[in-house]
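Please look through the sequence and the structure below before reading on.

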Amino acid sequence: MPAPSLNVELERAELERAELEQIELDLFVQALKRRHGHDFSQYAPASLTRRVRQLVHAHHCSSITGLTARLLHEPDFLPLVIKGLSVPVSEMFRDPQVFLALREHVLPVLASYPQITVWQAGCAQGQEVYSLAIMLEEAGLYERSHIFATDFNPDALQRAQEGIYPARDAQLWSRNYLLAGGSQSLASYYSARYDFIKLDQRLRRNITFANHNLVTDKVFCEAHLVLCRNVLIYFSNPLQNHTLTLFRDSLVRGGHLCLGLRESLDFAPVAADFSAVDANLRLYRRSSQLMAEARDGAA
Amino acid sequence: MAQPEAIAIGCSKGGFNALKLLLGALDPRLPQTVLVCCHTASGTGVLSGLLASHSALPVVEAVERQPAAAGTVHIAPGGYHLLLEHDQHFALSVDEPVCFSRPSIDVLFSSAADVYHTGLIGVVLTGANRDGAHGLAQIRDHGGIAVVQAPANAEAATMPQAALDISGADYCLPLEKIAQLLNHLCLT
Ligand SMILES: C[S@@+](CC[C@H](N)C(=O)[O-])C[C@H]1O[C@@H](n2cnc3c(N)ncnc32)[C@H](O)[C@@H]1O
């Protein structure tokens, strides 16, 4: 054990180092916002810090300030930064029980609309969009459906449109698909080539991929289902509430909202406008006019 | 010396048995927050449920956006990385697995080191991969204390050995001695 005085020294040095990094991080976030209009100021700090450090490492900078300098002076650097800060990690039919619930409880409601609009926000490389398309297809609803798949990471969107994935993922995804109530084999929706699988491009026919930033962009469609999973997990409470407000405003009354399994409405005031269909699966509905009135009346 | 504020424990293969022993021998008066990342944790609350009956301290699964509590063992849920914000609230992420693992010990250790600085004890127990070694090095860099289970004493030696190789340790002990050490460091 170091002597007590040494310990005090150590602690002071450590706190100074931490404070310096915090300053650098704040300046980086500010540069990103002022120079490029990308606002990460309300992302949950722990994960953001981790991603920024990874960027420093990946681009061989000596500090976060080195990143900031490149961000300010090199026009081509922004896409690399966005790619590094976005976390386009996904699976087809991730959490199969959720997709099973969508299939069993939400699709029958969607079936009552002549035209169905779905917004999938934070679509990453498209794994969940294609999962939705397959489910709608199997329910005989896809012809009258349209899915908006949005993300703020252009690289991920590009990959999503291509629908090409490493073959090693196919096994897990096939299992997920079956657990989610799939009636075929997932393999009937893709062709395998060497180390890759390519999803049937016909699945793309009713999907629009678009760049949309949940922090700065507005509502653009009237949706019957909004699926946004494992995106809010990266947002601080106020940004989470902001985003959920977007979803509320996009949803028709009675429209469904599906979040990630570890996300919840608990910290968002706008939760009052939703009711739980299955709280464990994070499946909610925008309250209908009647329910809203009953609630306001009771309050 | 100031009392440590938190203990972060990482383990993988053989981890359940090791945790049973370790948590079971911790003093129920420990005021520290205990954070546990065990790769074999599955979906929802199974591991915390199983461990609760072996521990004098309360054992719960860490919940997103909820505070880390003193005198409580928090287990990282399966499928997500567990991180801490500076206000000692939990955050989860689905970032890529690290060393094929999510939750990853490196991620938890590094984030806890950011929050507790010199007031953190990192403990690497039995396991069959190298996760945790870099995280432990970061804990040391930040002035925290590193404890590693003696590889010969571990059900799987790879993980504690990697921790010794990459980070080194302030203490390298068999499991039974680790509980004694933690009680000593944390209560005096
Ligand atoms: C972890 S992925 C989730 C993918 C998929 N929904 C799932 O759960 O498997 C998070 C995605 O959210 C996107 N994202 C993060 N911040 C965003 C923002 N402000 N606007 C739009 N998309 C965002 C990221 O680019 C990334 O693709």
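## A buried threonine in chain A

Thr117(A) counts as buried because its relative accessibility is 16%, where buried means under 20% relative accessible area, exposed means over 50%, and partly exposed lies in between, with a 1.4 Å probe and protein chains only. Thr117(A) has its place in strand β1 of chain A, residues 116-121; helices (H or I, at least four residues) and strands (E, at least two) are DSSP runs, numbered from the N terminus. Leaving aside residues up to four places away in sequence, Thr117(A) touches His146(A), Phe148(A), Cys221(A), Glu222(A), Ala223(A), His224(A) and Leu225(A), a contact being heavy atoms within 4.5 Å.

## How the model is described

This is a predicted model, in which local features need pLDDT of at least 70 and side-chain atom pairs count only at pLDDT 80 or more, while totals for chains, interfaces and linings use all residues. Residues are numbered from 1 along each chain as its sequence is written, chains are lettered from A and ligands numbered from 1 in the order in which they are written, and side-chain values use heavy atoms, with hydrogens and water left out.

## Chain A as a whole

Chain A has 10 helices and 10 strands, and buried residues make up 53% of its 299 residues. Among the contacts in chain A with a separation of 6 or more, 76% come from residues 24 or more positions apart.

## A nonpolar patch

On the surface, Leu20(A), Ile23(A) and Leu27(A) form a nonpolar patch with about 280 Å² of accessible area together. Patches of this kind are made of residues with over 30% relative accessible area and no salt bridge, nonpolar side chains (Val, Leu, Ile, Met, Phe, Trp, Tyr) being joined within 5 Å and like charges within 9 Å; a salt bridge is a side-chain nitrogen of Lys or Arg within 4 Å of a carboxyl oxygen of Asp or Glu. The areas come from the Shrake-Rupley method with a 1.4 Å probe, and for residues only the protein chains shown count as cover. Ile23(A), which lies in helix α1 (residues 4-36) of chain A, counts as partly exposed because its relative accessibility is 42%.

## The sheet of chain B

In chain B, 7 strands form an open sheet with parallel pairing, in the order β3-β4-β2-β1-β7-β8-β9, where two strands pair if DSSP finds at least two bridges between them. The edge strands, β3 (59-61) and β9 (171-173) of chain B, each pair on one side only. Strand β1 (residues 6-11) of chain B is joined to the parallel strand β2 (residues 33-38) of chain B by 6 bridges, and Ala8(B) has Leu35(B) as its bridge partner in β2(B).
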